[in-house]
Amino acid sequence: MNINNLQQSIQILPVTEQYEEAARQLILDGLEERFGFLDHSFNPDLRNIIQNYSRNGGIFLVGLQDNKVVCTGALTKEGATAGRIQRMSVKQSHRRGGLAESMLRKLEETARQLGYRELVLETNNEWHSAIEFYKKMGYGVDWKDEERSYFLKALD
């Protein structure tokens, strides 16, 4: 399936109980792939995605293809005029198909509707593909530490 067909075949909507476990598993699978192991004591926010991401105007989105979760992304409040992008993940078999771009654009659209003027996010320094993706999408590195790169993007 080409990129346009894949992007058009997904439906992006707020997570529901029906998709919460699949969303959790997709994210954990991605983390295990990236780190080579999975420590279940980390990521307590994933134990109850709906509750943890619906506070203070936050939203957790899933991308569905054929009623299956293939990508995720969340937006939480960072400050009065800033939002934070979190939990961006795409199922391994669906990567390089434009789904992360579709998800990020939907999160940015939602942030604008909520009145945010800027977005922040962070990713591990070793995740070069993620860093390049965010740069391509207009995010600039605001600062770095030994482990992570912190990005910022002003919304139009």
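1. Is F151 buried or exposed? F151 is buried, because its relative accessible area is 2%. (Buried means under 20% relative accessible area, exposed over 50%, partly exposed in between, with a 1.4 Å probe and protein chains only.)

2. A word on the basis. This is a predicted model: local features need pLDDT of at least 70, side-chain atom pairs count only at pLDDT 80 or more, and totals for chains, interfaces and linings use all residues. Residues are numbered from 1 along each chain as its sequence is written, and side-chain values use heavy atoms, with hydrogens and water left out.

3. Aromatic rings. The whole structure holds 6 aromatic pairs. (Rings of Phe, Tyr and Trp, the last by its six-membered ring, pair if their centres lie within 6.5 Å; planes under 30 degrees apart are stacked, over 60 edge-to-face, the rest tilted.) Y134 and Y139 pair edge-to-face, at 6.1 Å centre to centre and 70° between the planes. Both Y134 and Y139 are buried. Y134 and F151 make a tilted pair, at 5.8 Å and 55°. That pair links distant parts of the chain: Y134 sits in helix α5 (residues 128–136) and F151 in strand β7 (residues 148–154), 17 residues apart. (Helices, H or I with at least four residues, and strands, E with at least two, are DSSP runs numbered from the N terminus.) Ring pairs join F133, Y134, Y139 and F151 into a cluster.

4. Helix α4. Its 15 residues (99–113) should span 21 Å at 1.5 Å a residue, and the end C-alpha atoms are 21 Å apart, which agrees. (The expected span is 1.5 Å times one less than the number of residues.) Buried residues of α4 include L99, M103, L104 and L107. G115 follows α4, with a positive phi near 90°.

5. H94 lies between β4 (82–90) and α4. H94 counts as buried, at 14% relative accessibility. The side chain of H94 makes a polar contact of 2.7 Å with that of Q65. (A polar contact is a pair of N or O atoms within 3.5 Å; within protein, one must be able to donate a hydrogen and the other to accept it, and residues adjacent in sequence count only if both atoms are side-chain atoms.)

6. Salt bridges. The whole structure has 11. (Each is a side-chain nitrogen of Lys or Arg within 4 Å of a carboxyl oxygen of Asp or Glu.) R95 and E33 meet at 2.8 Å, N to O. E122 and R84 form a salt bridge at 3.2 Å. E78, R84, E122, E147 and R148 are linked in a network of salt bridges.
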